[in-house]
Amino acid sequence: MIHAAVAGPTPFLLAGPVRGLFTEVPPLLASLDGFRPSAVGVGLSPEELGGLAEHFAGRAAEPLVPLTENETAEVHGLCRFGEVRIPNPSVVALLEWAGGTGVPVEGLDPSDEEYTGLFTEHVGYLELVGRTLRERRLTRTPPTAATADEFAVRWHGQVGDGRGSQALADARDRAFVRAARALTARAGRVALVVDRERYDGVLSRLSENGAPGGAVGPHRTA
């Protein structure tokens, strides 16, 4: 799991586990224990996070999770690097950790309705067709990668290669960072957890207005 401390009047911990990979869970929880945040912000919408908390965290039996053809291909490609679970085990474990420590967890991405607006604003018809074609190519030919980090970054980089998709990702990350700073103003010491492919963009934006010294790291914890 890749992570870094972002310097400032109130520092952030930013963690970027590879989504779905179960071996990312222990280092994520260890980093949270070491940082001792007063709140955690997650790169999910409030609705997505609420659904995971309600149906998966602390549950002995879980509902089935249907996958698209593209998602199935991504899981198969990621399985080369270890056990993969659906939904994202890092977030489920985080919610269970929070339940035991009393640390509040918030979804800091735009709401589902707001994200739909951002998608419509940035992704036009031609870009949507391009995304669909890129997803189909990936389903047939997954990217070659030496590590899970590299696989996650290459997979999502290829899907989001178009100009509109890049603008959408940037708008989403900027909204996340604004919400993170607002959470810090309310809660103080905050840890942030995003999918690995978003880590670099979020770290860059967090460091834009950080204190001298910026980000310390990143570090990968096996």
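Which residues point one way from β5, and which the other way? The views below come from a predicted model.

View 1. Val-190 and Leu-192 point one way from β5. Ala-191 and Val-193 point the other way. All four residues are buried. In a regular strand, side chains alternate between the two faces of the sheet.

**View 2. Strand β5 and its partners β2 and β3.** β2 pairs with β5 in the parallel sense, over four bridges. Here Leu-14 stands opposite Leu-192 of β5. β3 also runs parallel to β5, and four bridges join them. Val-42 has Val-193 of β5 as its bridge partner.

**View 3. The largest nonpolar core.** This core holds 23 residues. Leu-32, Val-40, Leu-94 and Val-105 touch the most other members. Two or more residues come from each of β2 (12-16), α1 (25-35), β3 (39-42), α2 (46-55), α4 (89-101) and β5 (190-193). α4 gives the most, with six residues.

**View 4. Contacts of Leu-32.** Leaving out residues up to four places away in sequence, Leu-32 touches Leu-13, Pro-37, Val-40, Leu-94, Trp-97 and Ala-191. Another core, of 18 residues, lies apart from the largest one. Val-177, Val-190, Val-194 and Tyr-199 are among its members.

**View 5. Helix α6 against helix α7.** The axes of α6 (residues 125-140) and α7 (residues 148-159) come within 8 Å. They cross at roughly 145°. From α6, the contact uses Arg-131, Arg-134, Glu-135 and Leu-138. From α7, it uses Trp-155, Gln-158 and Val-159. By class, three residues of this contact are nonpolar, one is polar and three are charged.

Definitions and conventions. Residues numbered from 1 in each chain as written. Predicted model: local features only at pLDDT ≥ 70, side-chain atom pairs only at ≥ 80, totals over all residues. Heavy atoms only, no water. Axes fitted to C-alpha atoms, helices over the stretch in contact; angles between N-to-C directions. Contact = heavy atoms within 4.5 Å. Nonpolar A, V, L, I, M, F, W, Y, C, P; charged D, E, K, R; others polar. Core = buried A, V, L, I, M, F, W, Y, C linked by side-chain atoms within 4.5 Å. Buried < 20%, exposed > 50% of the residue type's maximum accessible area, 1.4 Å probe, protein only. Pairing = 2+ DSSP bridges.
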